[in-house]
Amino acid sequence: MPDSPDLTLRGRLPDDLPTLWRWMHAEPDPEWQRWDAPYFHTGQPEPLPFDTYREQTLARPVSPDLRVIALDGGCIGQVSRHEEAPAGGGWWDLGILIFDPGHWGGGLGTRALDLWAAATFAETDAHVLTLTTWGGNERMIRAAARVGFHECARIPQARAWAGQRWDSVKLARLRG
């Protein structure tokens, strides 16, 4: 049985910028946008040249709340988190994004989410972690369930996408 690929979460490196720029700014109509809250990705922003992206990105400090998903060292996506108000209340909301559909369906997203949840519990005062998706993103709902998240809210038909109404789905996982 072959070894599974090495999946890690790490801070952004300068070598990651071409991949991040490609998937966030250069790729026309990337598939990931159809699954990552597609109702927010209406209309394409003006393309951002790589040099401008690089300069702006390197001018900002690397955030502990944003990490690269690295597969055998190479950037394939990113995870994010933010603390829900009020600060210090122990509620953190997570996000996960794997860019290339070629990396979907093999458990990498589930592994990345599990690593990110563990890191968030270890690095913050989090008592509860949440993530929000939409009813059409069944892969995300299943991945979250595999690592201990449970559906805690479903807002019926809250999102319009592709000529259809979809539920907004919130999942939660408690420390412990």
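Ala162 is placed in the loop that runs between β6 and β7 (164-174), where helices (H or I, at least four residues) and strands (E, at least two) are DSSP runs numbered from the N terminus. The structure is a predicted model, in which local features need pLDDT of at least 70 and side-chain atom pairs count only at pLDDT 80 or more, whereas totals for chains, interfaces and linings use all residues. Residues are numbered from 1 along each chain as its sequence is written, and side-chain values use heavy atoms, with hydrogens and water left out.

Although Ala162 is not a glycine, its phi is positive, at about 55 degrees. Ala162 counts as exposed because its relative accessibility is 63%; exposed here means over 50% relative accessible area, buried under 20%, and partly exposed in between (1.4 Å probe, protein chains only). A positive phi, near 55 degrees, also occurs at Gln157, a residue of strand β6 (residues 150-161). Most residues other than glycine have a negative phi, and most peptide bonds are trans. A cis peptide bond, with omega about 0 degrees, joins Ala85 and Pro86, and Pro86 belongs to the loop between β3 (74-83) and β4 (91-98).

Seven strands form an open sheet with mixed pairing, in the order β1-β2-β3-β4-β5-β7-β6, two strands being paired if DSSP finds at least two bridges between them. At the edges lie β1 (7-10) and β6, each of which pairs on one side only. Strands β1 and β2 (residues 66-71) run antiparallel and are joined by four bridges, with Leu71 of β2 as the bridge partner of Leu7.

The structure contains 10 salt bridges, each defined as a side-chain nitrogen of Lys or Arg within 4 Å of a carboxyl oxygen of Asp or Glu. One of them joins the side chains of Asp16 and Arg10 at 2.6 Å, N to O, and both of these residues are buried. Another, at 2.7 Å, N to O, is formed by Arg67 and Glu123; this pair links distant parts of the chain, with Arg67 in strand β2 and Glu123 in helix α3 (residues 108-123), 56 residues apart. Arg67 is buried, at 14% relative accessibility, while Glu123 is partly exposed, at 42%. Both residues take part in a network of salt bridges that links Asp65, Arg67, Arg81 and Glu123.

In a further salt bridge, the closest N and O atoms of Asp93 and Lys170 are 3.9 Å apart. Because Asp93 lies in strand β4 and Lys170 in strand β7, the pair ties together parts that are 77 residues apart in sequence.
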